[in-house]
Amino acid sequence: MENEKTNEKRIMLTGDRPTGKLHIGHYVGSLRRRVELQNQGDFDEMYVMIADTQALTDNAGNPQKVRDNVIEVALDYLSAGLDPTKTTIFVQSHVPVLFELTGYYLGLVTLSSLERNPTVKSELAMRQFQDSSIPAGFLCYPVSQAADITAFDANIVPVGEDQAPMIEQANEIVHKFNSLYGDTLTPCKIMLPENEACKRLPGIDGKAKMSKSLGNCIYLSDDRKTVSKKVMTMFTDPTHLKIEDPGHTENNPVFIYLSAFVQDYHFEKYLPQYHNFEELKAHYERGGLGDVTVKRFLADVINDVLDPIRARRKELEADIPSVYKILQEGSLKAQEKAHETVMRVRRALGVNYFENRKLIEKQSKAFK
């Protein structure tokens, strides 16, 4: 089949499930990078999705939670710096052709491959579903995610490290479809954070991942006092009992957070006795530096980063109808783009009955 793709552009797509406000793990893992890429102008098209349909797969009994958090996530996006004139921000449920693509792709994926997906397995374990109570939609959300990516011919997907298996499965679907029906869909590449510490920020309790469901997050919308309070309760090195004790910075959440956020100017502003992060680490590791001092510094650093985000959020909260208008306009634009892809897929599958004049003419002759 002739290649119908016209995609030679750099197109980015990513998104978040609206199950709560976004936290600093989302920020350093992907959101900060999205804003940087947007402002650098490296992409021809950028799409950021609020994945409300996916959120409903395991929140079917609490749709109000999802509805309320659509606006929360939109506020987080805009306050962090996403610009709707440069980045199309849309709501998944308001791009109906995504459901159609998901339906086509479900025929290309086996149940066992979904059950083996490490991200799905991890999420299922965290939610502690019983085998008989796993929502089919939740198990199949890698297929939905593949539809989201391919609908926009996205070839770059900036996400956290935990999403790598999802990108791999999306590309498996692309390969299977193209091998059966011709070169129709675009494969994609994952874009991980460059800073190792940003790939998977641990929770403030020292758990492996910052998670809304575990309640171990610092949210982008937390006020200064709340941020400081959370930082002061953070898990640190359990062997660092006295100030003079040598401390461990590896796997120490306080130092992992500093690695993700701190800049040299923060030392001049808040901790001038050190010139940079390496000096601070060296002092902690040889002993003589207390956890309280380091935590207070971290709180100052995080609040320094979040202050402009909080200020912008306050402005946006004063005009919620305008935020919904941004989402509506973005969803209409996304629907137009995705419709082009689904028409290409229909032609590849041969289900474009009403535009296929050759088929109609052939069958007309056959019935004469």
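Leaving aside its neighbours within four places in sequence, which residues is Asn 195 in contact with? I looked this up before anything else, taking contact to mean heavy atoms within 4.5 Å, and I found Ser 259 and Ala 260.

**Ground rules.** I noted that this is a predicted model, in which local features need pLDDT of at least 70 and side-chain atom pairs count only at pLDDT 80 or more, while totals for chains, interfaces and linings use all residues. Residues are numbered from 1 along each chain as its sequence is written, and side-chain values use heavy atoms, with hydrogens and water left out.

**Asn 195, continued.** I placed Asn 195 in the loop between strand 5 (189-191) and helix 10; helices (H or I, at least four residues) and strands (E, at least two) are DSSP runs, numbered from the N terminus. With a relative accessible area of 28%, Asn 195 is partly exposed, on a scale where buried means under 20%, exposed over 50% and partly exposed in between (1.4 Å probe, protein chains only). I also looked up Val 28, which is 167 residues apart from Asn 195 along the chain, and the C-alpha atoms of the two are separated by 8.9 Å.

**The whole chain.** I counted 16 helices and five strands in the protein chain, and I noted that 51% of its 368 residues count as buried. Taken along the principal axes, the box filled by the C-alpha atoms is roughly 95 × 45 × 40 Å. Of the contacts with a separation of 6 or more, 78% are accounted for by residues 24 or more positions apart.

**Helix 11.** The buried residues are Pro 253, Val 254, Phe 255, Tyr 257, Leu 258, Ala 260 and Phe 261, and they pack against helix 1 (24-40), helix 12 (264-270), helix 13 (277-286) and helix 14.

I then took the pair of helix 11 and helix 14, which pack at an angle of about 35° with their axes 10 Å apart; axes are lines fitted to C-alpha atoms, for helices over the stretch in contact, and angles run from 0 to 180 degrees between N-to-C directions. Helix 11 passes helix 14 in a left-handed crossing, a term that applies if the near helix is turned anticlockwise from the far one by less than a right angle, with right-handed used if clockwise. On the side of helix 11 the contact is made by Val 254, Phe 255, Tyr 257, Leu 258 and Phe 261, and on the side of helix 14 by Val 294, Lys 295, Phe 297, Leu 298, Val 301, Ile 302 and Val 305.

**Helix 3 against helix 14.** I found that the axes of helix 3 (residues 63-80) and helix 14 (residues 291-317) come within 8 Å and cross at roughly 125°. That makes helix 3 oblique to helix 14, since angles under 35 degrees count as roughly parallel, over 145 as roughly antiparallel, 65 to 115 as roughly perpendicular and the rest as oblique. Helix 3 passes helix 14 in a right-handed crossing.

**Cores.** I looked up the largest nonpolar core, which has 62 residues; such a core is a set of buried Ala, Val, Leu, Ile, Met, Phe, Trp, Tyr and Cys residues joined through side-chain atoms within 4.5 Å. Helix 14 gives the largest share of this core, 10 residues. Ile 24 is among the residues with the most contacts inside the core, and, not counting residues up to four places away in sequence, Ile 24 touches Leu 201, Met 210, Ile 218, Leu 220, Tyr 257, Phe 261, Ile 302 and Leu 306. Another core, of 42 residues, lies apart from it and includes Leu 101, Leu 124, Ile 167 and Val 342.

**Loop residues.** I placed Thr 236 in the loop between helix 10 (224-232) and helix 11, where Thr 236 counts as buried at 13% relative accessibility. Asn 251 lies in the loop between helix 10 and helix 11, and at 62% relative accessibility Asn 251 counts as exposed. Phi of Asn 251 is near 65°, a positive value in a residue other than glycine.
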